[in-house]
Amino acid sequence: MRMRNYSAMGVAILVCVALQGQVRIVAAQDKLLDFLGEVNDAEHPRGYRDYVEMQCWECHGYQGNGGTGPVIANGPMPYEAFANYVRRPANTMPAYSPNVLSEGQLRNIYEYLHALPPSPDAADIPLLSGE
Ligand code: HEC
């Protein structure tokens with residue numbers, strides 16, 4: 001009988017410790033997300049959020065590194081050409097009218113894409129260079 005009481009208390013203590021750990025992990029996650037949000041906001045105001053909200057990432061990846069759509073991070077395209085493209089794409093990309101995506105949002109997205117580091121050249125990646 002005695003033994004059973006002790007083990008019940010042991011389990012209760014273990015549960016408390018585990019819950020505390022969980023609370024700490026959740027708090028750390030929140031802090032990390034806040035930090036990432038601040039970094040993105042500081043470097044390119046709202047650009048990252050607009051990019052995500054407009055779902056560009058679905059085809060171009062979160063960092064503009066391409067997916068079903070081409071790489072659009074840090075390209076040489078000037079803003080006017082970029083804006084024209086997004087308003088009237090050439091092929092399968094959906095068009096974004098100013099009703100859906102404002103001029104301001106488009107500029108934010110452009111700034112975001114241009115603040116990203118350029119993708120490395122295939123020749124600089126040992127696995128892809130064929131060496
Ligand atoms: C449903 C998939 C899809 C979505 C969503 C999408 N794109 Fe595209 N995008 C493409 C494809 C595919 C191309 C290649 C040309 C074509 O099919 O129009 C492209 C081409 C482009 C190009 C031209 C790249 C070049 O070098 O010629 C730009 C710039 C671009 N997209 C920006 C955006 C932005 C900004 C958004 C969000 C506002 C967006 N795209 C959303 C699929 C997409």
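The following is a conversation about how terms are applied to a predicted model.

Modeller: Residues are numbered from 1 along each chain as its sequence is written. The model is predicted, so local features need pLDDT of at least 70 and side-chain atom pairs count only at pLDDT 80 or more, while totals for chains, interfaces and linings use all residues.

Colleague: What makes up the secondary structure of the protein?

Modeller: There are five helices and zero strands, in the order α-α-α-α-α from the N terminus. Helices (H or I, at least four residues) and strands (E, at least two) are DSSP runs, numbered from the N terminus.

Colleague: How do you know that the span of α5 agrees with its number of residues?

Modeller: The expected span of a helix is 1.5 Å times one less than its number of residues. For the 13 residues of α5 that gives 18 Å, and the end C-alpha atoms are 18 Å apart, so the two agree.

Colleague: Which residues of α5 are called buried?

Modeller: They are L106, I109, Y110, Y112 and L113. Buried means that 20 or more other C-beta atoms lie within 10 Å of the residue's own; exposed means 12 or fewer, and partly exposed lies in between, with C-beta atoms placed from the backbone.

Colleague: What makes up the largest nonpolar core?

Modeller: A nonpolar core is a set of buried Ala, Val, Leu, Ile, Met, Phe, Trp, Tyr and Cys residues joined through C-beta atoms within 7 Å. The largest has eleven residues: Y48, Y51, C56, I72, V86, Y96, L106, I109, Y110, Y112 and L113. The elements giving two or more residues to this core are α2 (47-53) and α5 (103-115), and α5 gives the most, with five residues.

Colleague: Which residues is Y96 in contact with, leaving aside its neighbours within four places in sequence?

Modeller: Y96 is in contact with M54, V86, R87 and L101. Two residues are in contact if their C-beta atoms, placed from the backbone, lie within 7 Å.

Colleague: How many of the residues in the protein are buried?

Modeller: Buried residues make up 12% of the 131 residues.
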